[in-house]
Amino acid sequence: MADLTAGPDRIDEIRASYTMLTRKKRIYGGILLALFVALMAAGFRTADMRNAGSFGDGITHVFDYPAEVLGEAVEKAAQLPGNLLRFLPSLVETLNIAAASTLLGAIAGIVLSLLATRGLARWPALIPLFRRVMDILRAIPEIVIALVLIFILGGGPVPAMIAIALHTVGALGKLFSEVNENASLKPVEGLQSVGATWPQRMILGVIPQVGPNYVSYALLRFEINIRASAILGFVGAGGIGYDLRNAMSWGQGRYDEAAAIFVLLFLTIVLVDQLSGYFRDRLTHGARA
Amino acid sequence: MTTFSTDLGGTQGTAALKAQADRLFQRKRLLNFGLPAVVLAYLTYVFFAFDVPGLYGRASLEHARTLVADSYSYKTHVTRDARSAEVTVAIEGERKGTYPAGMSPDWVARGEPGGTTVIELGHGNEVRFLPGNRVEYDVPGYGLIQVVSSRAGGVEVTLPAGPVPSWISASKSRLAVTTDAGRLNVTRTKAEVFRYFTGWELFWFTLDSPYYGMGPLTLLRHAFNGEAGAIWDGFWHNNMWHHGEVAWALFETLLMAFLGTFGAAVVALPLAFLAARNFTPLRVVRFAMRRLFDFVRGVDGLIWTIVLARAFGPGPLTGALAILVTDSGTFGKIFSEALENVDDKQIEGVSSTGAKPVQRYRFGVIPQITPVLLSQLLYFFESNTRSATIIGAITGGGIGLLLTQAIITQKDWEEVSYYIVLIVIMVMALDWFSGWVRRKLITGDEGGH
């Protein structure tokens, strides 16, 4: 128990030390804030200097390009449905790249995450190895693998799919192994006592516990992968990004195509975002019960 | 999950219970077998939609081999021009890697123009450039290959007796010999020898640097003798690898991520208050803010990058702004959700002491959301370094630009692997750093903010 008989001396001491602590904290906070502001300002100046056009000049022209595109799209509004239909196959390809890579990445991610979770791992000694593998897969940006694979395999959806899948393995593997850590070991032990092999223990004992979380994370990843697959298309891996680059390089007069692609991409992302948000909410809050 | 009724009395109850359990099992079984079947069917569809069987025809094994070999080894060219009879020794055949006139690697004994040059390829392999455009290649275990090339007569090859092995291809205009030790190509206009070495050529110093070829100990001695600055200069301005420029490009990528992430947070925080139910009673404002966030997020980073690149031109600022705009939508959403989960008691407590609204926000709200906010920010900062690499490849800034440039040349694969290694180290270092700060935030600094 605290000593309640302490005299006023003690209270003064406490007050003094409290004031000092507060002051110290405030000074630290102030220094950090000043440092942050200085860093932002210096960084902005450096970036501004290294840029082709300066911020001051550019800011007035931000809406020039969208206005041009929009203007032309409105002018040729009659062609919009046709254009939307024309680029639909590319959109499907982009979606397929995202979906296939999410699926493949999730499957490999599940295996890797189980191998890298303490208590579940098949070879506990190799846990650090599998973790490092996931770290490295996560660290390599998709574009690197995609560009290298385009050189070897030629253009098309496959390099993009492999690139995104590899990144997904690392990203999902980490999230999955965090989920695995919270899984109860009792079913696993029960299965082990009746002689189940490691794959059986995992499929029957762990996956049912963590399945909904897996699906929730995979849906989130699918959303991210659609964006990634559009970007990779832009550097030559097929899909809607590739069409977008072509439409843009045609320049003025073909902006109606660019506008159609913008619309398709926007609608898809918003739709998938809403859908996956809805399903993830159901999965985590258990609306099924 | 499904709950069973607790009514266990009577056989009817048991039967109903059993039927219920059966139905449940049926459904689970359907799900357990149906789901993998659907996944498999979809992957089969993708397999054919992406024309994976046709991939074999399109894929280039040749490219793969060059890529892998080039990323860990390099070749040195020894070339004799048929007309001038001059011999040049160049690493990767590049002008930047050419040995100056008086200098040769120790396995090349360079003669005067018109004289004899002897090239040792190791393991007893020896190529001799003889006067009169004659070339001899002594292959141990096979014999002597003799070539005479001339403008009029083409390439005349004399091989040892017996069938021509598959590693020699000889025609009237060209001789190509490929052995484990190296390669020899002779045409009418030139004779060329390639020797392969493991490693990244001239990584530390180029040939024109006085420190080329020195061991680490010798270098250290020179450094202690007051040459540290010159040594660093030779390394930093290495014009084969451009270490200085690469470091700057890495910094630019980090800068894009930093400006973009934290700029987005500064923009999003005040807007998030407007989108939170408990701070903005006006439904219209809330709705408008939310739709704004959704719109910004829905217009993908790719589109923002393109639009902004049109206005600001290529460079790191464009990349930073693209990240800033995209992420302010995401942050707005995350922050407003965090604000809606804020505990009212603390705010009431602060306002009961007579605090003004700004003070209420500062001492009642901000301390509650700081940990969530900071850990999200750090997480995004880390993932944005990766995005900045990608955006840099599109807008032209940072390491992403260098990387795409190196890939487009289709021969500097050693540089590509160097950049990849650097990017991976950078991202992993940041991953570790943000993890460390987040752990500190969560465990260390509990009470104060």
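**Exercise 1. Which residue of strand 10 of chain B stands opposite B:Ile168? Place the strands in their sheet.**

Step 1. B:Ile168 has B:Val177, in strand 10 of chain B, across from it. Helices (H or I, at least four residues) and strands (E, at least two) are DSSP runs, numbered from the N terminus.

Step 2. Strand 9 of chain B is joined to strand 10 (residues 174-178) of chain B by 3 bridges, and the two run antiparallel. Two strands pair if DSSP finds at least two bridges between them.

The model is predicted: local features need pLDDT of at least 70, side-chain atom pairs count only at pLDDT 80 or more, and totals for chains, interfaces and linings use all residues. Residues are numbered from 1 along each chain as its sequence is written, chains are lettered from A and ligands numbered from 1 in the order in which they are written, and side-chain values use heavy atoms, leaving out hydrogens and water.

**Exercise 2. How many aromatic pairs are there over all chains? Classify two of them.**

Step 1. Rings of Phe, Tyr and Trp (its six-membered ring) pair if their centres lie within 6.5 Å; planes under 30 degrees apart count as stacked, over 60 as edge-to-face and the rest as tilted. The count by this rule is 24 aromatic pairs over all chains.

Step 2. The ring centres of B:Tyr379 and B:Phe380 are 5.9 Å apart and the planes stand at 90 degrees, so this pair is edge-to-face.

Step 3. For B:Tyr418 and B:Tyr419 the centres are 6.0 Å apart and the planes at 35 degrees, so this pair is tilted.

Step 4. Buried means under 20% relative accessible area, exposed over 50%, partly exposed in between (1.4 Å probe, protein chains only). B:Tyr379, at 41%, is partly exposed, whereas B:Phe380, at 14%, is buried. B:Tyr418 is buried at 11%, and B:Tyr419 is buried at 4%.

**Exercise 3. Is B:Thr385 buried or exposed? Find its contacts.**

Step 1. B:Thr385 belongs to helix 10 (residues 357-395) of chain B.

Step 2. The relative accessibility of B:Thr385 is 0%, so B:Thr385 counts as buried.

Step 3. Leaving aside residues up to four places away in sequence, B:Thr385 touches B:Thr253, B:Leu254, B:Ala257 and B:Leu430. Contact means heavy atoms within 4.5 Å.
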